[in-house]
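Let's take a walk through this protein together, one stop at a time. Have the sequence and the 3D view at hand before we start.

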Amino acid sequence: MSSGKTVNNSTLLSRDETVDSALRPLNFGDYIGQDRVKGNLRMMIEAAKKRTEPIDHLLFYGQAGLGKTTLAMIVAKEMNANIKVTSGPVLEKTGDLAAILSTLDEGDILFIDEAHRINRTIEEMLYPAMESRKLHLVIGKGPAARMMTLDLPQFTLIAATTRVNLLTSPLRSRFGGLFKLDYYNPVDIEKIIERSAKILGVSISPEAITILASASRFTPRIANRLLKRVRDLVEVSDRRVVDENAAHKVLSMFEIDELGLEEHDRKLLYTIIERFNGGPVGLGSISAALGEDRGTIEDVYEPYLLKIGLLSRTSQGRIATKEAYNHLKKDR
Ligand code: ADE
């Protein structure tokens, strides 16, 4: 099967990526969960359409896999707008952004994923583009350098990030709508698994849906990934239905426990319990013990553990809760 590498300007998609796009809801009606965000976006879209104007610049933030890109695609579709997609790390030089901005047409949407990884000079080029649709270019070098300003068409920037704290406040303040995507509730995750199973033509028992949903970290991308793996298992073992056994087997094959914890989550909790006597312990000490960046621990690892109550944050530091000890079968 292919990798996701670009060949001759056309992107070869792996089977998983093809399946992912089949599972992606294409309109608000099919998009399960995030009701408040959907409601506010619908209102903004309706108002913009009434004024025959592009929708204001939008920022979607939240944990990976919660549907930020999907929402951007839906906004584009509902606005009948073209969408051009790029990401923070892909934009290396100001010329990269200028090249994209200068090809935008009236009403187009520019989607920038991983916006926290946009470099500072490129970010500064975005400010006038967002605010007054101006593109300032420096032509030439040294004493002969000249500044040129191009007018841009009315466009919408939609940015997405998993690390909103890393965005500068001048950038944040230029969005007309900021939307935080939260973890999904368990009922919605079950509905998503059911919907995806139907699209993939997989028969799955209600018990198996519950097991996969509990291990999905309230995150659709993980739910769909687990579903794809149980589908593989069922295909190779000539079973017809995904049942509890198949669901448990896939979780153990991928070392995911029934709460969806993976190796790095367990390592974090074991570190607090075994090296720091269960806490309270400061983020700096945890970061040093794990050899992991503080920000990554705080923004990427901790939110799910806090959400399911295995970790708690106090003014003295992090604590592994009674539930964490029970879950890991450790004595206190
Ligand atoms: N697949 C991934 N995310 C989804 C969502 N929010 N609703 C329906 N299907 C999805």
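How far is a nitrogen atom of the ligand from an N or O atom in the side chain of Asn-224? The gap is 3.5 Å, and it counts as a polar contact (a pair of N or O atoms within 3.5 Å; within protein, one must be able to donate a hydrogen and the other to accept it, and residues adjacent in sequence count only if both atoms are side-chain atoms). The protein covers 94% of the 260 Å² of accessible area that the ligand has on its own. Areas like this come from the Shrake-Rupley method with a 1.4 Å probe, and for residues only the protein chains shown count as cover.

A word on what you're looking at: this is a predicted model, where local features need pLDDT of at least 70 and side-chain atom pairs count only at pLDDT 80 or more, while totals for chains, interfaces and linings use all residues. Residues are numbered from 1 along each chain as its sequence is written, and side-chain values use heavy atoms, with hydrogens and water left out.

Back to the ligand. Its surroundings are made up of Leu-23, Pro-25, Asp-30, Tyr-31, Ile-32, Tyr-184, Ile-192, Arg-195, Pro-220 and Asn-224; a residue makes this list if one of its heavy atoms lies within 4 Å of the molecule. By type, the shell splits into 7 nonpolar, 1 polar and 2 charged residues. Here Ala, Val, Leu, Ile, Met, Phe, Trp, Tyr, Cys and Pro count as nonpolar, Asp, Glu, Lys and Arg as charged, and the others, Gly among them, as polar. Two helices, α7 (186-200) and α9 (220-236), each give at least two residues to the shell. Ile-32 has a backbone N or O atom 2.8 Å from a ligand nitrogen, and Tyr-184 has a polar side-chain atom 3.4 Å from a ligand nitrogen.

Now zoom out. The protein chain has 14 helices and 13 strands, where helices (H or I, at least four residues) and strands (E, at least two) are DSSP runs numbered from the N terminus. Its C-alpha atoms fill a box of roughly 70 × 50 × 40 Å along the principal axes. The chain is divided into domain 1 (34-180), domain 2 (186-253) and domain 3 (263-328), with bounds from an automatic or database domain assignment. Between the centres of domain 2 and domain 3, taken over C-alpha atoms, there are 29 Å.

How much of the chain is tucked away? Of its 332 residues, 47% count as buried, meaning under 20% relative accessible area, with exposed over 50% and partly exposed in between (1.4 Å probe, protein chains only). As for contacts (heavy atoms within 4.5 Å), residues 24 or more positions apart account for 66% of those with a separation of 6 or more.

Lys-38 is buried because its relative accessible area is 9%. Leaving out residues up to four places away in sequence, Lys-38 touches Phe-28, Tyr-31, Ile-32 and Gly-33. A polar atom of the Lys-38 side chain lies 2.5 Å from the backbone oxygen of Tyr-31, and one lies 3.3 Å from the backbone oxygen of Gly-33.

Further along, Ile-55 sits in the loop between α2 (35-50) and β3 (58-61). With 4% relative accessibility, Ile-55 is buried too. Beyond its neighbours within four places in sequence, Ile-55 contacts Met-44, Ile-45, Ala-48, Val-75, Met-79 and Thr-156.

Next comes Gln-63, in the loop between β3 and α3 (68-78). Gln-63 has a relative accessible area of 17%, so this residue is buried. Its side chain reaches the backbone oxygen of Asp-299 at 2.8 Å.

The peptide bond from Gly-279 to Pro-280 is cis, with omega near 5°, and Pro-280 is in the loop between α11 (263-275) and α12 (283-290). Asn-277 is in the loop between α11 and α12 and has a positive phi of about 60° although it is not a glycine. Asn-277 is exposed, since its relative accessible area is 68%.
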